[in-house]
Amino acid sequence: MGPKRQRITDQGSSFYGGSPGSSFMYNASPYSYIGQPPPFPVVRLRGLPFDCSEVDVAEFFHGLDIVDVLFVHKNGRFTGEAFCVLGYPLQVDFALQRNRQNMGRRYVEVFRSKRQEYYKAIANEVSDARGGSPRRTAPKAKSNDEGKESAEHTGVLRLRGLPFSASKEDIMDFFKDFELSEDSVHMTVNSEGKPTGEAFVEFTNAEDSKAAMSKDRMTLGSRYIELFPSSVEELDEAISRGR
């Protein structure tokens, strides 16, 4: 587990960020936990569709502040479970109201969870990756890789699978072997201004972007990051969608 994730999840009350989503009418502070720290705001989901994405989870909890979504794998296969870290402890109660609501054709169970369970899941994901277990995209990996290898490089890469809490600094550190500035990293957001889990990076030239593909499916924190050759046109289109 990288130091940046540790910093994000261990900041105490300052971790809970800005104001909550406007769809929920409550005052997130001050806390009513006298003499003790507020509980860590995490829930566990079970019964997710196997093609579920971070954006699907964010839509499922529409109106809540999503800090991170961690999908759980076993032997390289997605189990249909995930952990979702929220912006405030009080948002856990609202998340639990989504218990047994549908995502697509499947109903999803939502449970209270604990910081220790979330951390253990992170450790298991990182251990699984280091052990060389198949990625969650393993069934499609061959065809995807063939497409990536044959794609023309223009100096732009698209990243998918980022933690919602990822920053430009995190991405620059992920590509620390290349010369990047904050202006060359573009985080995409949805119509509500919330992260989509994707980003675009402009490299100095096409040779650098092709070399950077060696980072495909490597981890940022506990997450597998997928890389795709892209273009300035696709970058502009993605940014305009978030405006």
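**Entry 1: Helices and strands**

I counted the secondary structure elements of the chain and found eight helices and ten strands. Helices (H or I, at least four residues) and strands (E, at least two) are DSSP runs, numbered from the N terminus. I noted that this is a predicted model, in which local features need pLDDT of at least 70 and side-chain atom pairs count only at pLDDT 80 or more, while totals for chains, interfaces and linings use all residues. Residues are numbered from 1 along each chain as its sequence is written, and side-chain values use heavy atoms, with hydrogens and water left out.

**Entry 2: The chain as a whole**

I looked up burial next: 45% of the 243 residues of the chain count as buried. Buried means under 20% relative accessible area, exposed over 50%, and partly exposed in between (1.4 Å probe, protein chains only). The accessible surface of the chain is about 13100 Å², and 47% of this belongs to carbon and sulfur atoms. Accessible areas come from the Shrake-Rupley method with a 1.4 Å probe; for residues, only the protein chains shown count as cover. I also checked contacts (heavy atoms within 4.5 Å). Among those between residues at least 6 apart in sequence, 72% join residues at least 24 apart.

I traced an open sheet of five strands in the order 2-3-1-5-4, with antiparallel pairing. Two strands pair if DSSP finds at least two bridges between them. Which strands stand at the edges? They are strand 2 and strand 4 (101-103); each has a single partner strand, so one side of each is left without a neighbour in the sheet. From one strand to the next, the twist averages 35°. For such angles, axes are lines fitted to C-alpha atoms, for helices over the stretch in contact, and angles run from 0 to 180 degrees between N-to-C directions. I then examined strand 4 and strand 5, which run antiparallel and are joined by three bridges. Met103 stands opposite Arg106 in strand 5.

**Entry 3: Salt bridges**

A salt bridge is a side-chain nitrogen of Lys or Arg within 4 Å of a carboxyl oxygen of Asp or Glu.

I first recorded Glu109 and Arg46, whose closest N and O atoms are 3.0 Å apart. This pair links distant parts of the chain, with Glu109 in strand 5 (residues 106-112) and Arg46 in strand 1 (residues 42-46), 63 residues apart. Glu109 counts as buried at 15% relative accessibility, whereas Arg46 counts as partly exposed at 34%. A network of salt bridges links Arg46, Arg100 and Glu109.

I next recorded Lys194 and Asp65, a salt bridge with its closest N and O atoms 3.7 Å apart. Lys194 lies in the loop between strand 7 (185-189) and strand 8 (195-202), and Asp65 in the loop between helix 2 (54-60) and strand 2 (66-74), so the pair ties together parts that are 129 residues apart in sequence. Is Asp65 buried or exposed? Asp65 is buried, with a relative accessible area of 16%, while Lys194 is partly exposed at 24%.

I also found a salt bridge between Glu226 and Arg160 (2.9 Å, N to O). Glu226 belongs to strand 10 (residues 223-229) and Arg160 to strand 6 (residues 156-160), 66 residues apart. Glu226 is buried at 8% relative accessibility; Arg160 is partly exposed at 32%.

**Entry 4: Gly221**

I located Gly221 in the loop between strand 9 (218-220) and strand 10. Gly221 is partly exposed, with a relative accessible area of 25%. The C-alpha atoms of Gly221 and Asp170 are separated by 9.3 Å, the two residues being 51 apart along the chain.
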